[in-house]
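Hi,

Here is the structure I promised to pass on. Have a look at it first, and then read my notes below.

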Amino acid sequence: MELITLRGVLIGYGQALLPPLDLVIGGGDRLGILGPNGAGKSTLLRTLIGLVEPLGGRIEYPAGHRPRIGYVPQSSRHDPAFPLSALEVVVMGRYPRLGLGRRPGKADRAAAQRQLELVGLGAQAGTPFRDLSGGQRQRTLVARALVGEPELLVLDEPTSEMDLAAIHDLLHLVDRLAGELKASVLFVSHQISTAAAFASSIVLMNQRTQLFRSGPALELLTSQNLSQLYGRPIEVRREGDRTLVWMASAEEAGAP
């Protein structure tokens, strides 16, 4: 089942950033959006989830409704002084399912506690959000996004301030928990190797060069495509199930 379909959609604020875009997000997808800074990635993401109206074209919902969306923002966008406990932050993710004017009850708090346990933070439920480590805050926000039982989980550079081990752990956790919910995942990342390990399909975009391509990750994550995307030589090598990505030297890039 397709969740969201873009047909000739123009994205931007007053002026289109790219030519008309066609894109499909299907059930169970793990879609990664890659591109340099200023490529238009966040604008595309915000358009996809309805925060920004398209300048043209159509956004269709083949299931007949906009999918339930769980959103995990960039780690730099949340306020570490947030005066709530981890549990209270996660409970906020239940509000879209409650309806106007309803307050969360025991069942909602129990669901939030269970989600905290699933992300490994059950013992920190009463800890103020501001006192959690950076990685714990991101796990809390993943729990908040998942507690509403989304059909589409959206992550906007959620690992931008995390080390490689923490990135690996968080994304494998997201993959497992989203799989249990049968939710699709849409994520923006600057980590090419992360996208290669996690994504089933990829969007490559750069509004400066008017580049937009989408397709299976194995087809698009090549040395030629990534070098064109980032404007510098990038090498890709596959070893079994692993995809290795690195900035090529002058010799590797074939420079004289």
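Let me start with a pair of side chains: Arg58 and Glu60 meet in a salt bridge, at 2.7 Å from N to O. By salt bridge I mean a side-chain nitrogen of Lys or Arg within 4 Å of a carboxyl oxygen of Asp or Glu. Before going on, note that this is a predicted model, where local features need pLDDT of at least 70 and side-chain atom pairs count only at pLDDT 80 or more, while totals for chains, interfaces and linings use all residues. Residues are numbered from 1 along each chain as its sequence is written, and side-chain values use heavy atoms, with hydrogens and water left out.

Back to the charges. Glu60 also has Arg7 as a salt-bridge partner, with the closest N and O atoms 2.9 Å apart. Arg7 sits in strand β1 and Glu60 in strand β4, so this pair ties together parts that are 53 residues apart in sequence. (Strands here are DSSP runs of E with at least two residues, helices are runs of H or I with at least four, and both are numbered from the N terminus.) Put together, Arg7, Arg58 and Glu60 are linked in a network of salt bridges. How exposed are they? Arg7 is partly exposed at 39% relative accessibility, Arg58 is partly exposed at 47%, and Glu60 is partly exposed too, at 24%. The cut-offs, with a 1.4 Å probe and protein chains only, are under 20% relative accessible area for buried, over 50% for exposed, and partly exposed in between.

The structure holds six salt bridges. Another one of them joins Arg94 and Asp108, whose closest N and O atoms are 3.0 Å apart. Arg94 is in the loop between α2 (86–91) and α3 (95–98), and Asp108 is in helix α4 (residues 106–118), so the pair ties together parts that are 14 residues apart in sequence. Here Arg94 is buried, with a relative accessible area of 13%, and Asp108 counts as buried at 8%.

Now the sheets. Strands β2, β1 and β4 form an open, antiparallel sheet in the order β2-β1-β4; two strands pair if DSSP finds at least two bridges between them. β2 (21–26) and β4 (56–60) are at the edges with a single partner strand each, so one side of each has no neighbour in the sheet. On average, neighbouring strands of this sheet are turned by 5° against each other, direction ignored. β1 (residues 2–10) pairs with β2 over five bridges, and Leu6 has Leu23 in β2 as its bridge partner. Helix α1 (residues 41–48) lies across β1, β2 and β4, at about 120° to β1. For such angles, axes are lines fitted to C-alpha atoms (for helices over the stretch in contact), and values run from 0 to 180 degrees between N-to-C directions; contact means heavy atoms within 4.5 Å.

There is also an open sheet of six strands with mixed pairing, ordered β5-β6-β7-β3-β8-β9. Its edge strands, β5 (69–72) and β9 (211–216), each pair on one side only, and the twist averages 15° from one strand to the next. Within it, β6 (residues 152–156) and β7 (residues 184–188) run parallel and are joined by five bridges, with Leu152 opposite Ser184 in β7. Helix α5 (residues 134–146) packs on this sheet, touching β5 and β6, and makes about 170° with β5. Helix α6 (residues 164–181) packs on the sheet as well, touching β3 (30–34), β6 and β7, at about 140° to β3.

Cheers
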